[in-house]
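Subject: Structure for you to look at

Hello,

Here is the structure I promised. Please open it first, then read my notes below.

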Amino acid sequence: MPAKKKSTSSGKAKQQDNQLSASSSTQDLVGSGLVTPGSPTLEGNFEGPPTKLADSSYLQGSDPEISGDGTDVIKSDGYLEDHRAYFGQRFAHFKRWVRDIELNEGGIDKFSRGYEHFGLHVTDEGVRYREWAPGAREASLVGDFNGWDVGANPLTRNEYGVWETVVPNTASGEVAIAHGSHIKVTFVTDKGERVYRLPAWSRYVTQDLNKSPIYESVFYNPPHKYEFKHKRPVPPADLRIYEAHVGISSPEARVATFKEFTQNVLPMISDLGYNAVQLMAVMEHAYYASFGYQVTSFFAPSSRYGEPDDLRELVDTAHSLGIVVFLDVVHSHACNNVEDGLNQFDGTDHCYFHEGGRGRHELWNSRLFNYGHHEVTRFLLSNLRYWIEEFGFDGFRFDGVTSMMYKHHGIAYGFSGHYNEYFGGNTDEEAVVYLMLANYMCHKLYPGFVTIAEDVSGMPAMCRSVQEGGVGFDYRLTMSVPDMWIKLLKESKDEEWSMDHIAHQLTNRRYQERAITYCESHDQALVGDKTLAFWMMDKEMYTNMSDQTALTPVIERGMALHKMIRLVTCGLGGEGYLTFEGNEFGHPEWLDFPREGNGSSFHYARRQFNLVKDEMLRYKYLYRFDKAMMHLEQQHKWLSAHDQWVTLKHEGDKVLAFERGGLVWIFNFHPTNSYTDYRVGAGWAGKYMVALSTDDHEFLGQGRIDHSTEHFSTPMEWNGRPNYIQVYLPARTAVVLRHSE
């Protein structure tokens, strides 16, 4: 398995757009038998114009919020006009799904509660077990509780391929399956072979490497379930996201735990001023080095970090600190494992996945879901509801969206921006409509819930509401921005940096579509690459990060640019900001998980928070600056502000200036030139005071910016603004000014 999958083309990032196909047979649209079917039969495969049924009375009972035709997105993007028929077709496909679910399942609320019906559940009569495995001929529940006797607890099948049994309570009324005991389902396949599988809806699976690398399903029924104590906060409009991986959240060379993250990392996130934490690698994955992107058990929090209740406590504690919690969701593919994954679950090549080549991702060596199947959609939507209802998550980051939406999965494909790349037949309409359903469900049932798309294609209307005809995400990641910074640092001298290029990349966002921006995430730190701090300071981070050593030109430059890159990205780059844990204080080196190629070493699979706590080291200065930046955003909320004006891009002076959130931002990227009385246009008349400077002593600056200086505007047009102010701009320094009066 790959250590990390990347869903992209060769160039990794240009922001552009998308298209669709589709197919669902009548059999796909039949319910599981939990609710009596009642919908009319649909003809065709959803390609081409809507059917007569879908075009008229069939859809009239749908949610009035989606009563339109899905073409409202065209009003703000005239280039979509040529694709009006496509948007109408896609929206009809989506509405058919909603209507089918209404008639067959009683609505999307009930449909997405599959986790309450499937899997193992304790009832008054005993433990009820239900599983969908249409390709199996026989099924039995086995485990420690019945001595693994395949004849003791057989399952019965209904017409939809759903198997069920009840393990009755003991004579004394006790639950017959002990908490913590191992359990499996065994099938006899259509070929007569007996296979053993972990229940697909398993909520807790564990691994004992002393016995086997294969995971075992554990019946999780603790005597006392964690009860949430704190109210869930509403996700704010100005998201400041701290991306984290629980397992690496310790300086020690081992796997950290949920409890340690709760006790040690959450207080730090709160202190820094971040209002959201995004957790990676929570869904159980057999291969630790996959970074959580080869999921084997979709309903199980990774047991590497502790028990499910430990995760509940983590989320609850974050809420008590006013921090919302997002989950990194992997619905783009599934691990190829058979014995402890979903692959060949019922003995067939398909079940949850497409059969043949369409069901395999050749680059990731993983399986691809059949998003057009009724029961697969139930499984995935219920998976989302489960993490919300059972653990209290406030938002999702959907991984690998580019791979989902395109038939080519973004492999060796470069997006140029031409709309036919999105609407010309390359798009997997079933996958896009699934994403529309997921967003529709999350936002309808949980107002304020946040969804973020990891997409490099730049699909138009990705972050427009489903009601308008969009895919429905709240934000997309600006994946081109970190690529820009790495490219500049690797390939250009400081004096060659283009202010116009930087400003363009940071502002290159689709109209009315919000974006989460970042300088570096986990991707940029993976082995083969390295953190921005290490790109700039490299080996001197081993010898010259102590206050007791000389402040060398390399360290001085790296510290200065580290602050400036973060500030300009956060200030200009999007409607939300993200950092990956440790990078806010200039974490050295890179990430590399224990694997065969590195001797199973944890040395690079950890976050050295001890560095920032050591007062003798210079990491504390970057931590202080990041904290000051986050708290300034908390005060002025520029991420959710609608005003943004780039006033100056001077290539010779290497000066970039802009207005946002009622603040004036000025950056002097020149490596050697400082400027006195430098004129910058300003939109507001009056007095300006320093709100933040990268050159302060507390941030390892030279203290050349006087915070007591009052800057008064002059009423004369400059840089296209009605006023100008004059400021002192030291080399490699940024200053943010607030309008005082």
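Two strands pair if DSSP finds at least two bridges between them. Strands (E, at least two residues) and helices (H or I, at least four) are DSSP runs, numbered from the N terminus.

This is a predicted model, where local features need pLDDT of at least 70, side-chain atom pairs count only at pLDDT 80 or more, and totals for chains, interfaces and linings use all residues. Residues are numbered from 1 along each chain as its sequence is written, and side-chain values use heavy atoms, without hydrogens and water.

Strand S23 (residues 644-650) pairs with strand S24 (residues 655-660). The pairing is antiparallel, over six bridges. Lys649 stands opposite Leu656 in S24. Four residues lie between the strands of this hairpin, and Lys654 has a positive phi near 60°.

Next, an open sheet. Its three strands have the order S15-S17-S16 and pair antiparallel. S15 (334-335) and S16 (360-361) each have a single partner strand, so one side of each has no neighbour in the sheet. Two bridges join S16 to S17 (residues 366-367). His361 has Ser366 in S17 as its bridge partner.

Now the whole chain. The protein chain has 16 helices and 30 strands. Its C-alpha atoms fill a box of roughly 85 × 60 × 45 Å along the principal axes. How much of the protein chain is buried? Of its 741 residues, 61% are buried (under 20% relative accessible area, with a 1.4 Å probe and protein chains only).

Best wishes

Methods
Buried < 20%, exposed > 50% of the residue type's maximum accessible area, 1.4 Å probe, protein only.
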